[in-house]
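Work through the exercises below with the model open. Try each task before you read its solution.

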Amino acid sequence: MESRKIIEILRGTIEPSLRAAAEEELTQMKKIIGFTPTLLQVVMMAEVDMPVRQAGVIYLKNMVAQYWKDADYEAGEQIPFHIHEQDRAMIRESIVDAVVHAPDLVRVQLAVCTYQMVKHDFPGRWTTIVDKISIYLQNPDTNLWNGGLLCLYQLVKNFEYKKKEERGPLHEAMRMLLPMCYERIIHLLPDPSEHSTLLQKLILKIFYALTQYHMPLELLDREHFTQWMEVIRQVADRTVPEQTLQVDEEERPDLPWWKVKKWALHILARIFERYGCPSTVGKEYKQFAEWFIKTFSQGVLQVLLKILDQYRNKVYISPRVLQQTLNYLEQGVGQSVAWKLLKPHMLSIIQDIIFPLMCYSDADQELWNSDPYEYVRVKFDIYEDLVSPVTAAQALLLSTVRKRKEMLEKTMVFLMQVLTTQGVDPRHKDGVMHMIGTMGNVLLKKKIYKDQMETMIATYVFPEFQSPYGFMRARACWILQNFDEIRFKSDQNILNAMNCIQNALLNDQELPVKVEAAMALSAFLASQNKAEKIVEPHIQPIVQELLKVIKETENDDLTNVMCKIVTTYTEQLTPIAVEMCTQLAATFQQVVEAEDSADEKAITAMGLLSTIETLINCMEENPEIMANIEPITLQVVGLILTKSVMEFYEEALALIYSLTSSRVSPDLWKCFEMMYQMFKNDGFDYFTEMMPALHNYITVDTEAFLSNEAHVMAIFEMCKTILTQDCSEDDECHAAKLLEVLVLQCQGRINNCLASIIQLVVERLLREVKTTELRTMLLQVVIATLYTAPDPLLQVLDQTMLPNTNTPLTNHFIKQWLNDIDCFLGLHDRKICVLGLCTLIKLGPERLGSALQESHKEILPALVLLFQGLKRAYAAKASEEDDGEDEEDEEDEDYEHEVLESDEDEIDDVGDEYLEKLEEKVNKSAGAAPFSITAEVQDEEEDDEDGELDEEMDETALESFTTPLDKDDCDVDEYWIFKELMQSLEQSNPVWYQALTGSLSDDQRKAMLDVATLADQRHAASESKKIQQSGGYNFTTSTTVPQTFNFGTGAGGTFGS
């Protein structure tokens, strides 16, 4: 293939007027064998213009990403396009060379190609990549190392997150390549040039990716690991060249000298956290951890303390280096070996490092003044927290005061000295409050401080709401959030707190203050019972202000505040509910249409939709309000569904569910049609999320649902798609449940499609079913049809033959049903099962003939099992209803036992290590005990759970999708129906009665007696309830327990008499 032709076409893709035609030509050419290798050749031609080479390498990258992998297809289908193996072999042969020799702009895209190729071809088709990389790493020309290392990085990145047992091919390659990397970095260390430093950084990135999730101890024995640790220590410790100080401070973190330091510290912090703490690692790394902490703690901590000393003395340290340094120390606080080395320096670290970091800074001031919206975004951005030295300082402070003796007391003494200093700098005051708020949870659990916190807030925090400095007013709001659970002894103090918060939200001119005030308001409403009444008179202006702030900031935390307020003040907000909904919908549209920061905007948009849902749920008792809210909400839903904004499908479906919970308007039926179209277009994967709304459409307004046959067909078609396509069995369970709801809710009114439903379910039963949940759910649809319309069901079963036989399916169905009887759980499933078996008995041998010959003796034992399960399920339901009583407040505990002695390690109290330590501790103290102690600590999960198993299993995931049988006022009582059926049968068909009961054991007879007794009691209670509801009297009912039954044995008396 001619490279000249490809060059001209690529040049055309850069020209706007020629782009469409050029892209079409490329689409036609890409399928020609030889195109992809020629494209790579063009990309590597030095004489070709760089924009053309860039266009070519981007097209190559997209080709490799989409078409490198062998295409998946079913037998009989046309084979989809993928790059021919001949072309792939040529590219595999040359890609490493291309990465090595390409200019930087091209190399970065070729590296992505290499990653995709390794993903699909290594080691199977492409073991030679290892040899290629090793050749370049052995070359004395350091200019060739970058490309070789970049290819090695793509190789390692492919295995970074894989399980240990899947990393064999990587470890085999690294046996040769890891020692080479060590030799290269040793060669590079003395050279401080930018080129050398970038190569060192790349080697450390490879080491980090190799060890981040699994430490390959077979590659890194103690000798080799020590060599690497020395390299990493040197990189972390060495001085950054003086010329870096000439660069603007904002740009310095991107310099290679700071980046290589960052990666060195990243490795140190990660290895210590994951493999180096003896008290928290798994057994696999226990020996390594004990060796690591004793061998390296002193050397590493000397380097880290030197970095902190430089920072204290105003020497520039990049934020990420400082953050990783603090992260390492935070891990060290919990380990006795490290703590003994840290302890003499810790108070200085708190005073000279943590305190300055937690003070309001010049950078904060600049951002607050220039862009308050960005200031709010940064302060609430969880991604910023992951890399922020301030967040790392908070974590180190909290660990220190929580885990180590006297550190809380010493810290508080220092902070109070600063706070009470005459003319204290407001920024220092901010740092003090920042630190006290960070420790709030610990302070409130220490009796010595808990009692003083209210006074501290009244004395030092309330006055700051009048501060001329906006950052201090914001900090005052923030600190109240962190002490929201304080038990105020003075009503005046809580009144002052709420007034300060409300005033800050309503009247402060600074946006960050308003945001913090809103967060404080939410915290106090959640924790302080008296706050609700104080805020109530001002709730409407508060909500209107909050809506305005949400619209301005698009902050997702504030949408959670709004949800809290709406649920708390439903009645007071009713007059402005429509206005609220309108503003929320407008803000949602604004957020969705914005193009920047897609991830953050999505979180905010979800919060807005959640707030609208909360508003609907709170206002659903008010039809007039709902009539106005509904069209506004449907505009939002319509926007999502018609524009296929898939990331909000779940929230849109939740809104439809909320709107249809009590009524279904004509507009909502149009929404049903939109849902169906969405399902057919791209909503196939959202069926389980659609299910609650679909259930409402069937059950809330059944008449309207049945008035249009298209509604029934839409439900059937969706369920058919799920049950016939390649779906998860959970999705299929939901589809089967929806069909069962349809059958029971529309009993006798969908006879024209019953045969199709039965056929669909039966065909799915005849294919492989992996889980009992799906099999029983499918059986349940058939049972529900047997109960509501036995004739159509039996007609289909009789006409359907078992595969490869002439045997009708009826007999097999009954056998499978009875065999799986113990798999029917919960109230509904057991109830429909009982009603189905009663129908089976009623039909009898006259209708079912040979189908019952083999199974009839199992019917009553199956019913006994079901009734026993029902008794437990009803008891569990009654118990749940009784559990809704208020719980008493628990006293705060003094958490002294959390503090560690200097020679104690922090223990992972959810892992094996905790159990082992506990057992060891108990046995150790046994010698001093006045009686013999032996301990064997077991995980709760290993205990015998038989006693709880039945209670746990008495609910099923799909029981929330109710049917007419599940309503509290349902007249269908399975106990009474069974008792009356058996009594009637005994008189009308004694032969069939005798066949059913003749082989019952004594225990089963007794169980049947209990069922009959319970049937009488339930019937009497039901009659009494009806009389009571109609205005009559409620008498205590007592039932005479029948003493004799005739179970076909000739004994006197009749069933249940």
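Contact means heavy atoms within 4.5 Å. Helices (H or I, at least four residues) and strands (E, at least two) are DSSP runs, numbered from the N terminus. This is a predicted model, where local features need pLDDT of at least 70, side-chain atom pairs count only at pLDDT 80 or more, and totals for chains, interfaces and linings use all residues. Residues are numbered from 1 along each chain as its sequence is written, and side-chain values use heavy atoms, with hydrogens and water left out.

**Exercise 1. The whole chain**

Task: find how many helices and strands the protein chain has, and what share of its residues is buried.

Solution. 
- Step 1. The secondary structure comes to 51 helices and zero strands.
- Step 2. Buried means under 20% relative accessible area, exposed over 50%, partly exposed in between (1.4 Å probe, protein chains only). Buried residues make up 50% of the 1057 residues.
- Step 3. The protein chain exposes about 50400 Å². Carbon and sulfur atoms supply 48% of that area. Accessible areas come from the Shrake-Rupley method with a 1.4 Å probe; for residues, only the protein chains shown count as cover.
- Step 4. Residues 24 or more positions apart account for 74% of them.

**Exercise 2. Two helix pairs**

Task: describe how α29 packs with α32, and how α16 crosses α17.

Solution. 
- Step 1. Two packed helices are described by the angle between their axes and the distance between the axes. Axes are lines fitted to C-alpha atoms, for helices over the stretch in contact, and angles run from 0 to 180 degrees between N-to-C directions.
- Step 2. Angles under 35 degrees count as roughly parallel, over 145 as roughly antiparallel, 65 to 115 as roughly perpendicular and the rest as oblique.
- Step 3. Helix α29 (residues 539-553) packs with helix α32 (residues 577-593) at about 5°, and their axes are 10 Å apart. So α29 is roughly parallel to α32.
- Step 4. From α29, the contact uses V543, Q544, L547, K548, I550 and K551. From α32, it uses E579, M580, Q583, L584, T587 and Q590. These residues divide into five nonpolar, four polar and three charged. Here Ala, Val, Leu, Ile, Met, Phe, Trp, Tyr, Cys and Pro count as nonpolar, Asp, Glu, Lys and Arg as charged, and the others, Gly among them, as polar.
- Step 5. The axes of α16 (residues 362-370) and α17 (residues 372-379) come within 5 Å and cross at roughly 130°. Therefore α16 is oblique to α17.
- Step 6. On the α16 side are D364, L367, W368, N369 and S370; they meet P372, E374, Y375, V378 and K379 in α17.

**Exercise 3. Charged residues in helices**

Task: decide whether E740 is buried or exposed, then list polar contacts of E740. Repeat the burial check for R270.

Solution. 
- Step 1. E740 is found in helix α40 (residues 729-745). Its relative accessible area is 0%, so E740 is buried.
- Step 2. A polar contact is a pair of N or O atoms within 3.5 Å; within protein, one must be able to donate a hydrogen and the other to accept it, and residues adjacent in sequence count only if both atoms are side-chain atoms.
- Step 3. The E740 side chain makes such a contact with the side chain of H828 at 2.6 Å. Another joins the side chains of E740 and K737 at 2.9 Å.
- Step 4. Leave out residues up to four places away in sequence. E740 then touches M777, Q780, V781, A784, H828 and I832.
- Step 5. R270 is in helix α12 (residues 256-275). R270 counts as buried because its relative accessibility is 14%.
- Step 6. A polar atom of the R270 side chain lies 3.0 Å from the backbone oxygen of Q212. Beyond neighbours within four places in sequence, R270 is in contact with Y208, Q212, Y213 and Y275.

**Exercise 4. Backbone exceptions**

Task: find the phi values of S644 and N804, and the state of the peptide bond from F122 to P123.

Solution. 
- Step 1. Most residues other than glycine have a negative phi, and most peptide bonds are trans.
- Step 2. Phi of S644 is near 50°, a positive value. S644 lies in the loop between α34 (623-642) and α35 (649-659). With a relative accessible area of 33%, S644 is partly exposed.
- Step 3. Phi of N804 is near 65°, also positive. N804 sits in the loop between α43 (790-799) and α44 (809-819). N804 is exposed, at 85%.
- Step 4. The bond from F122 to P123 is cis, with omega near 5°. P123 is in the loop between α6 (104-121) and α7 (128-138).
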